[in-house]
Amino acid sequence: MLLNLKKPLIVFDLETTGLDLVKDRIIQLSYIKVFPDGKEERENLYINPEKEIPQEVEELTGITNDDVAAAPTFKEKAAELADKFTGCDFAGFNSNRFDIPLLAEEFLRAGVDFDFSKCRLIDAQNIYHKMERRNLAAAYEFYCGRKMEDDFTAHKANEDTEATWRVLQGQIKMYSAENQDEPDRILKNDIAELAEFSRMNDNVDFAGRIVWKDVTDKDGKTLLDEHGQPRRHEVFNFGKYRGWDVAEVLRRDPGFYSWILSSDFTYNTKQVLTRIRLREFNNR
């Protein structure tokens, strides 16, 4: 069963030098670009991280420093990738928590302001955990009816990408109205609904340093906008200003903004905070 797409979908996976969004880098990027007419384009890239790949990562992924020595850096590929990804939605496995944030960091480090806020982000792992709560190998066996180790080599981005694409298609089929009797186990074949269902948190930035919170009155009652939806505002989710309105903190303590910009926060967090600051300045 093909997904009901209105625009292209990038199904992707990364292998990286580690799990730190600030310090680590991509060493392999693999993606399938799925078009609304069902056409699929694949690309598998080794990326020179411009730093040593730790031995444990070499052992886990099979990707060595020699493999990436002659590969392009992400900065050299950034503009080309941004052009290919513009106008697309994204899907992956654990992608909302790690792959999308790290990809956003790599774009920003390369000087490319790729705006993921305009993309719907589908995380097959979040769908799976909400429905079945296991990992990719178990998901592959559950949704595809085969053991993943029989079809793929573990910790290869291109093979994990293929497995994720098959799992996502299997999820759409399994949770269709035709195959489910319980209404709360039906997933509509719609990218917007899948992206909303994939979301596990209400972060403003990918690292979760700033989150959305409903605006309430003095009695704690949620205020609604003109469309009857809850009004929301950005609040800090860490440190001495945890729970404080971001715009208010920026007004009261401008030095806090300067401290974040000069500290070891992700580029995405700094970018989001700067956008809020500029918005508030222009609204004065």
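Of the contacts (heavy atoms within 4.5 Å) in the protein chain between residues at least 6 apart in sequence, 60% join residues at least 24 apart. This is a predicted model, in which local features need pLDDT of at least 70 and side-chain atom pairs count only at pLDDT 80 or more, while totals for chains, interfaces and linings use all residues. Residues are numbered from 1 along each chain as its sequence is written, and side-chain values use heavy atoms, with hydrogens and water left out.

**Overall form**
- The protein chain contains 12 helices and 7 strands, which are DSSP runs (helices: H or I, at least four residues; strands: E, at least two) numbered from the N terminus.
- Along its principal axes, the C-alpha trace spans about 60 × 55 × 30 Å.

**Burial**
- Buried residues (under 20% relative accessible area, 1.4 Å probe, protein chains only) account for 46% of the 284 residues.

**Nonpolar cores**
- A nonpolar core is a set of buried Ala, Val, Leu, Ile, Met, Phe, Trp, Tyr and Cys residues joined through side-chain atoms within 4.5 Å.
- The largest such core has 29 residues, of which Leu 3, Leu 9, Ile 122, Trp 165 and Leu 168 touch the most other members.
- Helix α8 gives the largest share of this core, 5 residues.
- Not counting residues up to four places away in sequence, Trp 165 touches Leu 3, Leu 9, Val 11, Ile 32, Val 34, Glu 40 and Arg 42.
- Another core, of 28 residues, lies apart from the largest one and includes Ile 10, Leu 21, Ile 26 and Phe 114.

Note on methods: Buried means under 20% relative accessible area, exposed over 50%, partly exposed in between (1.4 Å probe, protein chains only).
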